[in-house]
Amino acid sequence: MFCPQKVFLPIFVVIKPQTHHHMTETSQTSSHNTADSNEPVVSLHNLLIRQEDNVVLKDVNLKIQKGEFVYIIGKVGSGKSSLLKTLYADLTLAEGEANVSGFHLQKIKKKEIPYLRRKMGIVFQDFQLLMDRSVYDNLLFVLQATGWKHKKEMDKRIRDVLARVDMVHKGYKMPHQLSGGEQQRIAIARALLNEPELILADEPTGNLDPETSDELMKLLHMIREEGRSVIMATHNHNLIKRYPGRTLKCENARLVETGQEEIELDI
């Protein structure tokens, strides 16, 4: 299949329903445990994160509960994106223990990664929509790739998530016919398709104007209010001031808790 741009397709690896059932049972003895409702969605202990031979972050200890909104801030290259990539197993964990949505990342197998990613939604700065098909078909592709089979159920789910992001009448549009803010709303709708318990957003407002960024932040915080956890990497400190949340800073290869009063406004 021709894709006119680089798209993070491993999230959408095909999962056959009967295989998924078997995988859940067998993986509980390997990297996956059925998550207790009171357990943290993310639990990290003494993590070491590398990019090739370079240490990006070390001694990372973090717990994130269901329904938390957490910002990750820091300079370019400080480890924000590397941390998120570690959480969705795009970057191999160097050392330490990590439990994400019931999966133990230190011993996760390659064939189990699609099941981890099905329990999370991922939103990118550059949207990563398939430009050769409509909004509806972008979402249909994800559902088919993650094991959905029945057309009526898929159609209803697509309409539900489009309504959730106020884009229900845009399904026929091609991505290039949408504004940046509209494309990011579709990316969020895509992230919500499989009812994830965790949303990872990597600089989701980076390509948006201030007004559109505000609208997107309201949407993400509404999603958090529904009980989902949201982890958002950002360099936009003004947004954090307007939409407060727990804030962690990547600095000097460490991840440290930062108080709201320590966050400097962007000039």
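The chain exposes about 13,300 Å², of which carbon and sulfur atoms supply 49%; accessible areas come from the Shrake-Rupley method with a 1.4 Å probe, and for residues only the protein chains shown count as cover. The model is predicted, so local features need pLDDT of at least 70 and side-chain atom pairs count only at pLDDT 80 or more, while totals for chains, interfaces and linings use all residues. Residues are numbered from 1 along each chain as its sequence is written, and side-chain values use heavy atoms, with hydrogens and water left out.

Of the 267 residues of the chain, 52% count as buried, that is, under 20% relative accessible area with a 1.4 Å probe and protein chains only. The secondary structure comprises eight helices and 10 strands, taken as DSSP runs numbered from the N terminus (helices H or I, at least four residues; strands E, at least two). Among contacts (heavy atoms within 4.5 Å) between residues at least 6 apart in sequence, 73% join residues at least 24 apart.

A cavity is a set of points on a 1 Å grid over the protein atoms alone where a 1.4 Å probe fits but cannot get out, and its lining residues have an atom within 4 Å of a point. The second largest cavity contains about 40 Å³ of space, a volume being the space filled by probe spheres set on points joined across faces, edges and corners.

Ser81, Leu84, Lys85, Tyr88, Ile122, Phe124, Leu200 and Asp202 line this second largest cavity. Helix H2 (80-87), strand E6 (120-124) and strand E7 (198-202) each supply at least two residues of that lining, and H2 gives the largest share, three residues. By class, the lining has five nonpolar residues (from Ala, Val, Leu, Ile, Met, Phe, Trp, Tyr, Cys and Pro), two charged (from Asp, Glu, Lys and Arg) and one polar (from the others, Gly among them).

Conventions
1 Å grid on protein atoms, 1.4 Å probe; cavity = no way out; pocket = protein on both sides within 12 Å on 5 of 7 lines; lining within 4 Å. Buried < 20%, exposed > 50% of the residue type's maximum accessible area, 1.4 Å probe, protein only.
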